Amino acid sequence: ISLTITGNGIIDASKASDDTVPVCAMGGAVTIESGTILVDTPNESCAYAMYGGTLTVTGGTFVNRSTEDYVHGG
């Protein structure tokens, strides 16, 4: 299973739960070529791969608007 995200659209998860990852490759393959992904959480990221999934990023804009320190360090 694969998904390619392309175009000038916005995935806006800024009002979602602090545990929401808007793009997650769970065992499949996701490619992000363009677009914007927004979150507002100290707990999660804009995109993530797990359970053997792959995430390929060749473009796009990733914005985390949280003003709190990242929970997982760094």
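**Close-up views of a predicted model**

**View A. β1, β4 and β7 form an open sheet.** In this predicted model, three strands line up as β1-β4-β7 in an open sheet of 3 strands with parallel pairing (strands are DSSP runs of E, at least two residues, numbered from the N terminus; two strands pair if DSSP finds at least two bridges between them). β1 (2–5) and β7 (54–57) are at the edges with a single partner strand each, so one side of each has no neighbour in the sheet. From one strand to the next, the twist averages 10 degrees (axes are lines fitted to C-alpha atoms, and angles run from 0 to 180 degrees between N-to-C directions). Look for 4 bridges joining β1 and β4 in the parallel sense, with Leu3 opposite Val30 in β4.

**View B. A second open sheet has the order β2-β5-β8.** This sheet of 3 strands also shows parallel pairing. Its edges are β2 (10–12) and β8 (61–64), each with a single partner strand, so one side of each lacks a neighbour in the sheet. Strand β5 (residues 36–39) pairs with β8 over 4 bridges, and here Val39 faces Asn64.

**View C. The largest nonpolar core has 10 residues.** Among them are Ile5, Ala13, Val30 and Val39 (a core joins buried Ala, Val, Leu, Ile, Met, Phe, Trp, Tyr and Cys through side-chain atoms within 4.5 Å; buried means under 20% relative accessible area, 1.4 Å probe, protein chains only). β3 (23–26), β4 (29–32) and β5 each give two or more residues to this core.

**Notes.** Residues are numbered from 1 along each chain as its sequence is written, and side-chain values use heavy atoms, leaving out hydrogens and water. Local features need pLDDT of at least 70 and side-chain atom pairs count only at pLDDT 80 or more, while totals for chains, interfaces and linings use all residues.

How values were computed:
Buried means under 20% relative accessible area, exposed over 50%, partly exposed in between (1.4 Å probe, protein chains only).
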